[in-house]
Amino acid sequence: MVPKFGLLFLLAAATALAEFGDPPARVARLNYETGPVSFRPGSIEDWTPAVPNYPLTAGDHLWTDLGGQAELHVGSTAIRMNQQTALSFLNLDDRTVQLSLTQGTIHLRIRNLREDEVFEVDTPNASLSLLRPGEYRIQTDGDSAVSTVALPGGEVEVTAGGTAFPVHARQSARIAGVDGRTYDLVDLPPPDAFDRWCQDRDRREEQVQSVRYVPRDVIGYEDLDQYGTWRNLPPYGWVWTPTTVVAGWAPYRYGHWVWVSPWGWTWVDDAPWGFAPFHYGRWAYADGVWVWAPGRVVERPVYAPALVAFVGGPRFSLSVSVGGGGGVAWFPLGPGEVYRPAYHVSDTYVRNVNITHVNVTNVNVTNVRYVNQNVQGAVTAVPQQAFVSTRPVGQVATVVPAREAAQAQVVGTTAAVSPRPESIVRRPPTVAAVSRPPTQVLQRPVAVRTTPPPPPVSFRAQQQALQSNPGQPLDANTMGNLRGTAGASPNAPALSHSYPRQRNHRPGAAASDSPGTRGPGCDSATASTAQRPAAGCATSPAGESAATSPNSHRARSSGCNSAA
């Protein structure tokens, strides 16, 4: 359990991160897929087969084609996609998860939701605010303009056509129409094959024992039991060791590098367990094996793109060992060694990303002796061309001899190499046509309650600026200037605002069970949901409410005067 003072520190730190414009402390991870699943990062226009362990963030898209299913995690929250489902992230930061669902079915298991957090799913005809931990099944058919939300547990506030109404546990709501919207509240339907698959996945997570050693918000915790073992190893505390690895294995050797904004060069591991141990904690070499030391348990750990140190310097040359033309070399950071990001962050962020993971008491340490730099086989090198083109490292890597590695100078926590368009996501050398959503699904607008941030700047618009400072991601000001110069992104989602457009707190705490009557607050952008009985934009039949008629409630809306 986290001490109260520690929790208060972390919450204060999270607030400070947001104020300083630091990158989000969390991402989404695609941890399971079966059948055809496709992915498109927000900064490019091409679809590619989805890659497990790729970190997803605001602007990214996923599509499960016929016969496909996928599972993602955002911290402890599981997001599962049925076949023929189009999902994207409108926003993903420390306080908000906002999903766009333009077609298909998703199931969400939310284990923890703080009072200041927003979890919103937007469909073509309704915006759904998920208010409590629980289970949620959401389905939308954009062609017929019908959305359905079913709650085995939890609570939702639905905003559609100017009307806001609650859906409680053990209820299901069907919202129909785009202009003249109607809704029905009915009992839960019986589970189908997708529901049963989701239940099986939930049971698997409930049985995970690794939560004794890492919090559920360490993304990837759910795979550690199956692929490794825990032991108490002084002075590191509880450490985890993978059960099966190839001869000569070392951390950050079997996977590839990609460029993910705003973090920059990011490691994507090949192993099915390869997320948590490469984005949290540190690696140590003990008793002839590599062990992962997650550090002390904290409430909200901070994601890092890769916890490594890159090496170079005048006494270290890779031109011979990697075939000429120069190369890139790195090794895993060890316990107690400071990770200082190359991307733009505040001092608060530097402390938070370090102190919450390992027992680092001074993040301003200089002249560090890096323990793993001297471990035989720890330093991996690849040709620069292979690095920037997302080549599998294990196929082209050179293991740097310990004597040469010891002479190398640590040059930072990123490679001083400019990304190219092919650096964004790895594309298999030979692959059949990549499935992608139908055009009408891609162009379908969704109703939003929370205004999302602007879509990502296209990579091509960033490329020239990135070349001027190799390996350094662009700061927020530069991105803003590029967005203004380049104009609207061709991949920008189509949005329509659904009242209320903004809120001052999480809805539902003082919400009425009735949508209410039309009032002067219809066009207000700041009205909170606690006021909606007096400010709702649509009326239900007189005297009828979800509370008094839970299985047959119907309301009709003529829409709200909101801007698109």
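Trainee: What makes Trp-330 count as buried or exposed?

Mentor: Before that, a word on the ground rules: this is a predicted model, so local features need pLDDT of at least 70, side-chain atom pairs count only at pLDDT 80 or more, and totals for chains, interfaces and linings use all residues. Residues are numbered from 1 along each chain as its sequence is written, and side-chain values use heavy atoms, with hydrogens and water left out. Now, buried means under 20% relative accessible area, exposed means over 50%, and partly exposed is in between, with a 1.4 Å probe and protein chains only. Trp-330 has a relative accessible area of 0%, so it is buried. Trp-267 is also at 0% and counts as buried.

Trainee: Why is the pair of Trp-267 and Trp-330 called tilted?

Mentor: Rings of Phe, Tyr and Trp (its six-membered ring) pair if their centres lie within 6.5 Å; planes under 30 degrees apart count as stacked, over 60 as edge-to-face and the rest as tilted. The structure holds 29 aromatic pairs. In this one the ring centres are 6.5 Å apart and the planes stand at 55 degrees, so the pair is tilted. Trp-267 lies in strand β21 (residues 264-269) and Trp-330 in strand β25 (residues 327-332), so the pair ties together parts that are 63 residues apart in sequence.

Trainee: How do you know where a strand such as β25 sits in its sheet?

Mentor: Helices (H or I, at least four residues) and strands (E, at least two) are DSSP runs, numbered from the N terminus. Two strands pair if DSSP finds at least two bridges between them. By that rule there is an open sheet of 5 strands in the order β27-β26-β25-β24-β28, with antiparallel pairing. β27 (398-399) and β28 (409-412) stand at the edges with a single partner strand each, so one side of each has no neighbour in the sheet.

Trainee: What makes β26 and β27 a pair?

Mentor: Strand β26 (residues 380-383) and β27 are joined by 2 bridges in the antiparallel sense, and the cut-off is at least two. As an example, Thr-380 has Val-399 in β27 as its bridge partner.

Trainee: Why is strand β7 described as largely enclosed?

Mentor: 5 of the 5 residues of β7 (residues 77-81) are buried, so the rest of the structure largely encloses it. Thr-77, Ile-79 and Met-81 point one way, while Ala-78 and Arg-80 point the other way.

Trainee: Which strands does β7 pair with?

Mentor: Strand β6 (residues 69-74) pairs with β7 in the antiparallel sense over 5 bridges, and β7 pairs with β9 in the antiparallel sense over 4 bridges. Ile-79 takes part in both: it is the bridge partner of Leu-72, and its own partner in β9 is Leu-108.

Trainee: How do you know that the charged end of Arg-201 sits over the ring of Tyr-32?

Mentor: A charge sits over a ring if NZ of Lys or CZ of Arg is within 6 Å of the ring centre and within 35 degrees of the ring normal. The charged end of Arg-201 is 4.5 Å from the centre of the Tyr-32 ring and sits over it.

Trainee: What sets Arg-170 and Thr-390 apart in their backbone?

Mentor: Most residues other than glycine have a negative phi, and most peptide bonds are trans. Arg-170 has a positive phi near 70 degrees, and Thr-390 has one of about 60 degrees. Arg-170, in the loop between β15 (163-168) and β16 (171-176), is at 55% relative accessibility and so counts as exposed. Thr-390, in the loop between α6 (384-388) and α7 (393-396), is at 3% and so counts as buried.
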